Amino acid sequence: MAAVLQARFVLFGAQHLVILAVFVGGCALMWWSGRRLGPIARRRLVRAFGALTLLVCGPFEVVDWIHGIAHWRTSLPLQICDVAWLVAGVALLTRSRRWTAILYYWGLTLSLQGVLTPDLDQAFPDVQFFGYWVRHLVPVWAAVYLVGARIGPTWRDYRFALMVTSVWAAGMIALNRALGSNYGYLNAKPVSHSLLDLLGPWPWYVVVEVALVAAGWALITWPWNRRTKTDPSA
């Protein structure tokens, strides 16, 4: 236990490695559930998972808002990952095509980056430590379930997700200009190491990031929409 307790969260430290082990196990379980469970069992699982997501993540979000208001230039929960859990809960409960599409893209890419390269100060057992990880793991697990259940997006969903994400980015750019903040990491890279370190200096890393997101999302859309020679609609 002493090896796991630490004053500050460390990227790929003991706590992070434990979380990653839980993460991989959850991914395997959700993929198996989507792949192997029957229709009735899957409906029950999805509803229970969606309701549990909202009930568990909601209070942690409130805690972050209370903390963030006191540090409004840096700590308001306005990142995509702070909203992805809500998208996951609503998508699972409603099975709405658009909510599900946003969950698919955000969960498999943006929330996943938050799991692999977290920008987190609080360590175990701080309440914000638990809040961060619950709200980052759940969207990825839910998106992996979609893959296992073979629920994929269309090109129309792809365009919709790009539009929604662009609106969020535009809002963050305007907010950053007004507050002198860095929400969305659109004005500077996070202090901790992340994939953005590989994309060059500001503002070029933002341009490259946009291009990579658009290309990456297109790549994970294509398998669900490709036509084969045996496809009668081809």
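User: In which helix is Arg-36 found?

Analyst: This is a predicted model, in which local features need pLDDT of at least 70, side-chain atom pairs count only at pLDDT 80 or more, and totals for chains, interfaces and linings use all residues. Residues are numbered from 1 along each chain as its sequence is written, and side-chain values use heavy atoms, with hydrogens and water left out. Helices (H or I, at least four residues) and strands (E, at least two) are DSSP runs, numbered from the N terminus. Arg-36 is found in helix 1.

User: Is Arg-36 buried or exposed?

Analyst: Buried means under 20% relative accessible area, exposed over 50%, and partly exposed in between, with a 1.4 Å probe and protein chains only. The relative accessible area of Arg-36 is 59%, so the residue is exposed.

User: How far apart in space are Arg-36 and Trp-224?

Analyst: In sequence, Arg-36 and Trp-224 are 188 residues apart. From C-alpha to C-alpha, the separation of Arg-36 and Trp-224 in space is 19 Å.

User: What is the relative orientation of helix 1 and helix 4?

Analyst: Axes are lines fitted to C-alpha atoms, for helices over the stretch in contact, and angles run from 0 to 180 degrees between N-to-C directions. The axes of helix 1 and helix 4 come within 10 Å and cross at roughly 140°. Angles under 35 degrees count as roughly parallel, over 145 as roughly antiparallel, 65 to 115 as roughly perpendicular and the rest as oblique. Helix 1 and helix 4 are therefore oblique.

User: How many nonpolar residues does the contact of helix 1 with helix 4 have?

Analyst: Contact means heavy atoms within 4.5 Å, and here His-16, Leu-20 and Phe-23 of helix 1 meet Leu-112, Val-115 and Leu-116 of helix 4. Ala, Val, Leu, Ile, Met, Phe, Trp, Tyr, Cys and Pro count as nonpolar, Asp, Glu, Lys and Arg as charged, and the others, Gly among them, as polar. In this contact of helix 1 with helix 4, one residue is polar, none is charged, and the number of nonpolar residues is five.

User: What is the relative orientation of helix 2 and helix 3?

Analyst: Helix 2 (residues 39-70) and helix 3 (residues 81-94) have axes that come within 8 Å and cross at roughly 155°. The orientation of helix 2 to helix 3 is therefore roughly antiparallel.

User: Is the crossing of helix 2 and helix 3 left-handed or right-handed?

Analyst: A crossing is left-handed if the near helix is turned anticlockwise from the far one by less than a right angle, and right-handed if clockwise. For helix 2 and helix 3, the crossing is left-handed.

User: How many charged residues does the contact of helix 2 with helix 3 have?

Analyst: The helix 2 side includes Arg-47, Glu-61 and Asp-64, and the helix 3 side includes Asp-82 and Trp-85. The contact of helix 2 with helix 3 has 10 nonpolar and four polar residues, and its count of charged residues is four.

User: How far apart are the end C-alpha atoms of helix 6?

Analyst: The expected span of a helix is 1.5 Å times one less than its number of residues. Helix 6 (residues 155-179) has 25 residues and should therefore span 36 Å. In agreement, the end C-alpha atoms of helix 6 are separated by 36 Å.

User: Which helices are among what covers the buried residues of helix 6?

Analyst: Those buried residues include Tyr-158, Phe-160, Ala-169 and Met-172. What covers the buried residues of helix 6 includes helix 4 (97-116) and helix 7 (204-225).

User: Which residue follows helix 6?

Analyst: Its phi is positive, near 70°. The residue that follows helix 6 is Gly-180.

User: Where does Tyr-185 lie?

Analyst: Tyr-185 has a positive phi of about 55° although it is not a glycine. At 23% relative accessibility, Tyr-185 counts as partly exposed. Its place is in the loop between helix 6 and helix 7.

User: What is omega for the cis peptide bond that joins Phe-124 and Pro-125?

Analyst: Pro-125 lies in the loop between helix 4 and helix 5 (127-148). For the cis bond from Phe-124 to Pro-125, omega is about 10°.
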